[in-house]
Amino acid sequence: MEKLYTLLVYSENIAGILNQVTAVFTRRQVNIESLNVSASSTPGVHKYTITCYCTEEMVKMLKAQIEKRIDVLQARYYTDDEIFLQETSLLKISAPAVMENPEVCRIVRHHGARIVEVNPTYAAIEKTGTTEDILSLYEALNSLGVVRQFARSGRICITRGTREQLDDYLAEREKEKHG
Amino acid sequence: MKQNITGSEALMLALQAEGVKTIFGYPGGTIMPVYDALYDYTRGDNKVFNHILVRHEQGATHAAEGFARVSGEVGVAIVTSGPGATNTLTGVADAMIDSTPIVVIAGQVPVSALGTDAFQEVDLVGLAQPISKWSYQIRRAEDIAGAVSRAFYIARSGRPGPVVLDFTKNAQTERVDFKAEKVDFVRSYVPYPKLDAASVRAAADLINSAQRPLALVGQGVELGGAQDELMAFLEKADIPAGRTMLGLSALPSTHPLNVGMLGMHGNYAVNLKEQECDVLIAIGMRFSDRVTGSLKTYAKQAKVIHLDIDRSEINKNVKADVAVVADCKESLPALTALINKADHSAWRESFKPLDEKERIMVIEPAIHPSEGPLLMGEVVNAVAEATQGDAVLVTDVGQNQLFATRYFRYPKRRSLCTSGGLGTMGYGMPAAIGATFGAPDRTVCCFMGDGGFQMCIEELGTIMEQQAPVKMILMNNNYLGNVRQWQDMFWQRRKSFTRMMNPCYELIAKGYGISYDIVTDRIDLPAAIERMLVTKGPYLLECAILEDDDVLPMTPPGKSIDEMQLEIKNDK
Ligand SMILES: Cc1ncc(C[n+]2csc(CCOP(=O)(O)OP(=O)(O)O)c2C)c(N)n1
Ligand SMILES: [Mg+2]
């Protein structure tokens, strides 16, 4: 059965790893739904958060093939109940429309979105949440024809587990290096 | 520590520190500083390296592969940037899929010119990444010691593979204080996974309960140097073992538990018995589609134990009931300690009638024909007999490869160079050159087809210059025979561009000053082979082969392996 999986991949901070990671998905014909790359809390370690729809069998294979790349430290996969997750989005809305239509403000408030800036031409709105939250706001505003720009980030997440798997791995490797 | 030397000399010292003695290469603009340094390191009192000038960079990579296969060391190729670098990619991909440790060092434009489409600039790291174990660009002379040692460590450790170093020209000329490094740890890379005692126990339990166990031996055994450990394991529990094409010399073909070659053109009994065994023990092999046939029906009745050093092979093609992820040099003895002595002679006996059927229907007619033109099988068999199993077999790709691997003998380990996973025509001749340097004391016999012979034919120049003692057996059927066989079997005999006009190979051999002989009549075959073997140096023996012989047995592609055919039913 296909499900949405979130892969957390940690690698050394070396150019060209992103290519190697995405190539694994391409070869296995799995579409990446979202991708976020950033520094991790460990200095010199990069963190990739990747979501995709596939079977568990497939995600296991993806994990193994990503970990096989020499500069990848660790790859793990999670379902949504195993992580805290967020996405963020920004919307640009024409200001006159906001003035003319009180519905716009009501929708923004109702969705718990934040108005970041207003000026005579536009309002900038920020909304953080799940994909569904964000799309629901976007669709509501878009149906009023007021959205000029819409941008949505990839997913970021932290795990719910009590152990920090990357730290464990690095500690283990450090021991092996000296042992 | 050597102070204030060029990056190119630092490369020499770094290669020396890795124990490199043989380099296959081809010079060009962006690698000239390295070639200038090589000048001093390849002659006189200072001679460290034997540099073999190939005739095409693809040849350098295959030669490095052949060298690595027979010697167990890392093969090295040095080439220039741009076309020199792209010419190596076939060899890199070949080494990747067949787990062959090579290091390719390519020149690159200076860092200042990167990304400008400078003359002979290609993004080699980008091109090589998906087909190499590791690719890295050396941008500064200070990085040489670390990068080179890391490259060799990665190439040879764990599941071996090709590493590509993209060596910018400025790093070759910059001055640096060189101190050799010895990399044996990369924190993101775990080449030897820790053996898990519970999975060994589980595997042993399965084996101990087995009535009809069957082992599938792959190249992993040879790469792990676990040939003795394998025999001890098989012998203790009396387990018959088939070998993959790349694993053919991992278990002596004379061993009583050897039951032949797996796969599409392997042996009949073992293919059928894969569908009958109750426990399948895969050791250092990857369940390639050429071995399994249709996965939908493959060994469904069996519990599968998979021993491999590469975790990503587990459950990739065939689901394992028990996976033991470790170097088989370690996992096999651990397993042997836990398994019971057993006697499976009745099970092993049950292979015999099928073997006999294959012998009568396929093998005898192939190796002892009494009339008609020469057959590949009889040529291979005659060479195998004449060399008494002492020789290294190198093959090209096609029918010549399938007949050669089937009918050669492998009493000694590390006796086979063949392009298994990629099926690279043109591999044979350069790989054989490499093998003569990797195993200088052994006879190297290289079987090629008329197609593949011409795909790296330029390496005849290397053979000539080095007097590399390659015994080339050209099995000329005037066809791209393997494709022709498929056309006959599956494409209504429409022979679309598989018939080939051939040159006069005698004249070609003559041009290169290589001894040549041709056999058209089987009466002359033994004497011709004898002359080839006693002649010092390279030799080309052309055999005029029946044009439309077919390799049998055969499991048609996509079919279940129990549908293996001993004859072609829709006869021509
Ligand atoms: C580089 C490359 N191109 C094409 C093929 C496809 N191919 C596989 S076998 C074969 C025929 C080989 O002909 P030949 O070398 O004469 O060997 P034969 O089968 O006749 O023994 C071809 C074209 C290949 N394996 N490699
Ligand atoms: Mg041919």
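**View 1. B:Arg359 and B:Glu364 form a salt bridge in this predicted model.** Let us start with the arginine: B:Arg359 has a relative accessibility of 35% and counts as partly exposed. The closest N and O atoms of B:Arg359 and B:Glu364 are 3.7 Å apart.

**View 2. B:Arg69 pairs with B:Asp98 in a salt bridge.** Is B:Arg69 buried or exposed? B:Arg69 is buried, and B:Asp98 is buried too. Here the closest N and O atoms lie 3.5 Å from each other. The pair links distant parts of the chain, 29 residues apart. B:Arg69 sits in helix H3 (residues 57-71) of chain B, while B:Asp98 belongs to the loop between helix H5 (89-97) and strand S5 (102-108) of chain B.

**View 3. A salt bridge joins A:Arg155 to A:Asp80.** Have a look at the gap between the closest N and O atoms, which is 2.8 Å. A:Arg155 lies in the loop between strand S8 (147-152) and strand S9 (156-159) of chain A, and A:Asp80 in the loop between S4 and strand S5 (83-94) of chain A, so the pair ties together parts that are 75 residues apart in sequence. With a relative accessible area of 4%, A:Arg155 is buried, whereas A:Asp80, at 35% relative accessibility, counts as partly exposed. Over all chains, the count comes to 41 salt bridges.

**View 4. Chain A meets chain B.** At this interface, 21 residues of chain A are in contact with 19 residues of chain B. The two chains bury about 1,900 Å² between them, and 49% of that area is on carbon and sulfur atoms. Between chain A and chain B there are 12 residue pairs in polar contact, with both residues at pLDDT 80 or more. Which elements of chain A supply at least two residues each to the side that touches chain B? They are helix H1 (17-27), helix H2 (56-68), strand S4 (72-78) and helix H6 (165-178). H6(A) gives the most to this side of chain A, with six residues. By residue type, the side of chain A that touches chain B divides into eight nonpolar, four polar and nine charged residues.

**View 5. Salt bridges cross from chain A to chain B.** Side chains of opposite charge can pair when their charged atoms come close. How many salt bridges are found across the interface of chain A and chain B? There are five. In one salt bridge, A:Glu176 pairs with B:Lys194, the closest N and O atoms being 3.0 Å apart. Elsewhere, a network of salt bridges links A:Lys68, B:Arg159, B:Asp310, B:Glu313 and B:Lys316.

View 6. A search of the whole structure finds zero disulfides over all chains. B:Cys328 is buried, with a relative accessible area of 5%. B:Cys456 counts as buried, at 1% relative accessibility.

Conventions: Residues numbered from 1 in each chain as written. Chains lettered and ligands numbered in written order. Predicted model: local features only at pLDDT ≥ 70, side-chain atom pairs only at ≥ 80, totals over all residues. Heavy atoms only, no water. Contact = heavy atoms within 4.5 Å. Buried area = accessible area lost by both parts, 1.4 Å probe. Salt bridge = Lys/Arg side-chain N within 4 Å of Asp/Glu carboxyl O. Polar contact = N/O pair within 3.5 Å; in protein donor to acceptor, adjacent residues only side chain to side chain. Helix = DSSP H or I, 4+ residues; strand = E, 2+ residues; numbered from the N terminus. Nonpolar A, V, L, I, M, F, W, Y, C, P; charged D, E, K, R; others polar. Disulfide = S-S within 2.5 Å. Buried < 20%, exposed > 50% of the residue type's maximum accessible area, 1.4 Å probe, protein only.
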